[in-house]
Amino acid sequence: MTVAATFQIEYLQFLDPNGKVVAPLPAFAKDPVALLPLYRAMVLMRTYDAKAIALQRTGQIGTYASILGKEAVEAGIGAAMAADDVLFCTYRENGVQMMRGVTMQELLLYWGGDERGSDFAGPRRDFPTCITIASQCLHAVGVAYAIKLRRQPRVAVCMLGDGATSKGDFYESLNAAGVWQLPVVFAVTNNQWAISVPRAAQSAARTLAQKAIAAGITGVQVDGNDVIAVHHAMREALARARLGGGPTLIEAVTYRLSDHTTADDASRYRTAEELAEAWKHEPILRLRNYLSASNSWDKAQEEILLRHCNDQVQAAAQAFQDMPAPPPEQMFDHLYATLPAAYAAQRAAILAAAADHGPHHAG
Amino acid sequence: MAHITLVEAVNLALTRAMADDPEVVVMGEDVGRDGGVFRATIGLLDKFGPQRVIDTPLAENLIAGMAIGMAAEGLRPVCEIQFSGFAYATIDQILNHAGRMRHRTRGRLSCPMVLRTPCGAGIHPPEHHSESPDAMFAHIPGIRVVYPSSPKRAYGLLLAAIRNPDPVVFLEPTRLYRLFKEDVVDNGEALALDTCFTLREGTDITLVTWGAMVHETLQVADELGEQGIVAEVIDLATLKPVDFDTVLASVAKTGRCVVVTEAPRHCSIASEIAATLAEHGLLSLFAPVQRVTAPDAVVPLSRLEHRYLPGKPQILAAVKKALEFA
Amino acid sequence: MRIFKLPDLGEGLQEAEIVKWHVKAGDEVALDQPLVSVETAKAIVDIPAPYAGKIVKLYGSEHDVAHVGQPLIAFEGGADSDTGTVVGRVEIGHKVIAEAPAAATPLAHGIKAMPAIRALARRLDIDLAMVTPTGADGLITANDVQRAARILAAIGPQELLRGVRKVMAQSMTLAHAEVASATLMDDADINAWTTGTSVMLRLIRALVAACRAEPSLNAWYDSQAPGRRLLKNVDLGIAVDTPDGLLVPVLRNVEKRAPEELKIALAKLVQDTRDRKVPPEDLRANTITLSNYGSIAGRYASPIVLPPTVAIAGAGRIGKEVVAVDDKPVVHRMLPLSLTFDHRAVTGGEAGRFLAAMMADLQRPD
């Protein structure tokens, strides 16, 4: 028998769930102090996340998708990207977006139902939150194509979930990225759940990373709760892309510690025992244990950090709440570069109706 | 100056646009080496190279989706969907993203892309190659839909579409691709979007149409002329947004209107025109607006195509009905 | 019961003090309605209702400390708190609807004309109801409107009815629609009358006698109940022809008044009527009517009974007729009589007896 092809998928882990080093650390992680920015970023995003949930529960924002449990994926990827790289993400990547310079106020504006939240002051070229599953993968391919055409050293980073890897858009994107060797990194957060559908029901593939093989590109699986592993894999993938080495698919294995959204109740489809077990692998505790054990972090620093994060989050929430309601003509602004004459009457009607009902009518 | 067909005019406009603006790229299935299955993109690969004339893998979502990414980065992608029946797969990207990118980001990102596809019936092809997706695309907010009916208008409107800062779906009438020729000057001049073209002036009845049906409608107008009935013929050209001012002014003059489309009846753009005339032109009308359309049946295979497509007899019957009503 | 627990309010806080309840047990609350204000370390926060429902129980009083994750409010019903969605909020209502089948409305039989034609008619001041349509299916064409306009231009403008003529048109329409009229006719032999006898006074006297003999015809009829009132007094409506049209002034209580008084009153009434000096109250509420149309022309008639009265007597032109007396033809002066009555309230027998009584009185020499 002749073997036409074989494959193997590497798995990367440097810190085990207890925070113990289990593989030679990459250069950037050799000094634990160098990991402190990552730790701080993770704590800040978890603080923000809790606040967002509270704001939803008290009716200040609409449905919100929590990032609880995937802070290492967020921080590891966000910290690796260059400023003029381009991020594509789902609705569960607020952490990376924060690290890219999207303000918490902008994020809350988005969840509060206001398009102004996607007019990022910071990363002007990043794509906005994408709700439709996996469609952002195609956009990333387009951006990557433009980057390559212009010979720029930029990379398109496309984040998606385990469920998204079942979609045609995902396969079409991987395939095109491979055939054209585009500078794009597909970073899959495998948090084990697509709403109520568990990973085992999503695909027969042993790993999601191996879908890269079908596209002829590099694929690697990492422990998504180990920020060092995530960051390392991301740095390698970005370097590969920047040097013309083509695309990479990274599968970060983690767990969705929250409900799918604030309107979901995960206890309908998974057990408390499973959730409790998953908490034992969570990323912030793991890194804190490592940092404490290496005398790089203590209780006093933790308290200062928490206070600082609370203050930042509170200020952002306040700034969001202080923002006036969007003007009704916002509906027609930016519909086209210049609103066609055919729609002037409709715009005027919306404005007139708003004038009748008062400037801040909630309806 | 050259006598060229409609598809050659498309080719001429693409060549012109790509020569004038290095950001214009063309992509789709078989558009490079093969010059496109209808030869719309012939010669482009040789002139502009494989990075700007892209043979994509077989994936319509990809073609439309990556155009969105390219456009966000400032390229001017003109993507081709090979046949009308495959265009529906792109509606997810066009509706959910292309039409919304500017609005969603408050103008921070925009989407100056063109999606071209040959559509309409009459070339006796296999299934799925005779679609009229006019209304489906025209229903999408944030985009334009343009449908030329002659080589001159194909050239000028395609240039306008490529230069437009917003997404344009450019529907090309397959049946007219090579049916006749016209003098087209390659002067790089765009025609206006969002405006109708009055092809014949008249006083007795207004005929509104677009795409391949312009051909039959003009013939009907000529026949009516011989009977002493002077028909005004309006080519809508831009299906979204529609230039209703021209249509309303015409009906104010004639008092009677027939709208001709080869798309199925229900929720067709003809319905939109009839509704608008009822809303804003009611007092001018001496007869109800007549719609000449295909029936609400699946497009039959080619053996019955001639029974499905409206033609001159149907247009004449509608005109007669409108004239004799009261 | 559905238990709503104190949600996580953020900032790592595990408890909050209840500042003020906005609802109480038994209240029906709507989705998002503020339930309670609680105070965290720094802020007072309102907790909105997570769903619509009826409050069964509040856990804790004002100033108590509530703990995150502990019961806060119990709602009625629902074994679980399934929101039934993963995005947004799907409102849960408890109303049960029962749609009644819509009644079929009959097809409208309106005037069929295109809006442009209606506008044309308006411009030419043509009432579309007067236009005969020649278009298919009863459609009015532009030509139809223009034809009507030409005809009306030739005829001249219409006179709109006003005042007395308009009232007559309206009341006769109503009477015609309602009354079930029947008429008896006969002739009274008045040959024995002495010269100078006032016809009107004799007619009035005869009517009063007839009303005594048959009170049913001096009555008001109410079609709604249905019911009737037999009236004691005879308020006689007299039909008077004036240049403005028909008026019916009323002589009150003619049964009580002496002939001399009646004569003067009658003359005054007729003059006042022609001068249009009769007050409105004297133009209404008659109990029976008399029309002496014979003073102009006509022998027999079936005049219109105006509700609520039930009878109108008519006197025709007095003339010489050949009649049989003792089986021999003689020429006598005859007074034709017509009695129209509302058969809803008056029988043929009653009408006949009434008429007979009138005739008996009229046929007396004085």
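**Strand pairing, chain shape and contacts in a predicted model**

Q: Which residue stands opposite C:Lys57 in S8(C)?

A: C:Lys57 stands opposite C:Ala74 in S8(C). Strands are DSSP runs of E with at least two residues, helices are runs of H or I with at least four residues, and both are numbered from the N terminus.

Q: What kind of model is this, and how are residues, chains and ligands labelled?

A: This is a predicted model, in which local features need pLDDT of at least 70 and side-chain atom pairs count only at pLDDT 80 or more, whereas totals for chains, interfaces and linings use all residues. Residues are numbered from 1 along each chain as its sequence is written, while chains are lettered from A and ligands numbered from 1 in the order in which they are written.

Q: Back to S8(C). How many bridges pair S6(C) and strand S8?

A: Three bridges link S6(C) to strand S8 (residues 71–75) of chain C, in the antiparallel sense. Two strands count as paired if DSSP finds at least two bridges between them.

Q: And what joins S6 to strand S3 of chain C?

A: Two bridges do, between strand S3 (residues 28–29) and strand S6 (residues 53–58) of chain C, and the two strands run antiparallel. C:Glu28 has C:Lys54 as its bridge partner in S6(C).

Q: What is the order of the open sheet of four strands in chain C?

A: The order is S5-S4-S2-S7, with antiparallel pairing. Strand S5 (44–48) and strand S7 (65–67) of chain C are the edge strands, each pairing on one side only. From one strand to the next the twist averages 45°; the axes behind this value are lines fitted to C-alpha atoms (for helices over the stretch in contact), and angles run from 0 to 180 degrees between N-to-C directions.

Q: How many bridges join S2 to S4 there?

A: Four bridges join strand S2 (residues 15–21) to strand S4 (residues 34–39) of chain C, and these strands run antiparallel. In S4(C), C:Val38 is the bridge partner of C:Ile18.

Q: Where do side chains point in a regular strand?

A: The side chains alternate between the two faces of the sheet.

Q: Now chain A. How many strands form its open sheet, and in what order?

A: Six strands form an open sheet in the order S1-S7-S8-S4-S3-S2, and the pairing is parallel. At the edges are strand S1 (10–12) and strand S2 (86–88) of chain A, each of which pairs on one side only. Neighbouring strands of this sheet are turned by 20° against each other on average, direction ignored.

Q: How many bridges join S3 to S4 in chain A?

A: Strand S3 (residues 156–161) and strand S4 (residues 184–190) of chain A run parallel and are joined by six bridges. Within S4(A), A:Val188 is the bridge partner of A:Leu160.

Q: Overall, what does the secondary structure of chain A come to?

A: Chain A has 13 helices and eight strands. Its radius of gyration is 22 Å, close to the 21 Å that the globule rule gives for 363 residues, so chain A is as compact as a globular protein of that length. The radius is taken over C-alpha atoms, and the globule rule is 2.2 Å times the number of residues to the power 0.38. The C-alpha trace of chain A spans about 75 × 55 × 40 Å along its principal axes.

Q: Why is chain C more spread out than a compact globule?

A: Chain C has six helices and 21 strands. The radius of gyration of chain C is 41 Å, well over the 21 Å that the globule rule gives for 366 residues, so chain C is more spread out than a compact globule. Its C-alpha trace spans about 130 × 60 × 40 Å along the principal axes.

Q: What share of each chain counts as buried?

A: In chain A, 50% of the 363 residues count as buried; in chain C, buried residues make up 24% of the 366 residues. A residue is buried if 20 or more other C-beta atoms lie within 10 Å of its own, exposed if 12 or fewer, and partly exposed in between, with C-beta atoms placed from the backbone.

Q: How many residues does the contact take from chain A and from chain C?

A: It takes 16 residues from chain A and 16 residues from chain C. Helix H1 (residues 36–57) of chain A gives the most to the side of chain A that touches chain C, with five residues. Two residues are in contact if their C-beta atoms, placed from the backbone, lie within 7 Å.
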